Amino acid sequence: MLIVFVYILTIINILAFTFVGIDKYRAKRRVWRIPEKAFFWFALIGGCPGLYTGILLFRHKTRRWYFMYGIPVIFILQAILAYLITNI
């Protein structure tokens, strides 16, 4: 069961990272973009590491404080929740 969960989180993180790259590509070409709330949905379902890595690597959304601070806060809260769940 744990291995399936790890695979799912890995896929979510790869998708989040890829979506940041796609959105950066589209932003340069001034075409239809991925909504910002989609990035936060990725973060909420466990894609914070991939999403934040993509933000930093592609230098995309770095001027938005809610991405630069919000994504790490969500990740910290998820880590605390995971710790509490596994130790109860």
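**The salt bridges and their surroundings**

Mentor: In this predicted model, a search of the whole structure finds four salt bridges. One of them joins the side chains of Lys61 and Asp23, with N and O 3.9 Å apart. Lys61 belongs to the loop between H2 and H3 and Asp23 to helix H1, so this pair ties together parts that lie 38 residues apart in sequence. Both Lys61 and Asp23 are buried; for Lys61 the relative accessibility is 12%, and buried means under 20%.

Lys61 also forms a salt bridge with Glu36, where the closest N and O atoms are 3.2 Å apart. Because Glu36 is in helix H2 and Lys61 in the loop between H2 and H3, the pair ties together parts 25 residues apart in sequence. Glu36 is partly exposed, with a relative accessible area of 23%.

The side chain of Glu36 meets that of Arg64 in a further salt bridge, at 3.2 Å from N to O. This pair links distant parts of the chain, with Glu36 in helix H2 and Arg64 in the loop between H2 and H3, 28 residues apart. Arg64 is partly exposed at 40% relative accessibility. Through shared partners, the salt bridges join Asp23, Arg33, Glu36, Lys61 and Arg64 into one network.

Helix H2, which holds Glu36, spans residues 36–58, yet its end C-alpha atoms are only 15 Å apart, short of the 33 Å that a straight helix would reach. H2 bends by about 130 degrees at Gly47, and Pro49 follows within four residues. After H2 comes Arg59, whose phi is positive, near 50 degrees.

Note on methods: Residues numbered from 1 in each chain as written. Predicted model: local features only at pLDDT ≥ 70, side-chain atom pairs only at ≥ 80, totals over all residues. Heavy atoms only, no water. Helix = DSSP H or I, 4+ residues; strand = E, 2+ residues; numbered from the N terminus. Expected span 1.5 Å × (residues − 1). Bend = angle between axes of the 7 residues up to and from the residue. Buried < 20%, exposed > 50% of the residue type's maximum accessible area, 1.4 Å probe, protein only.
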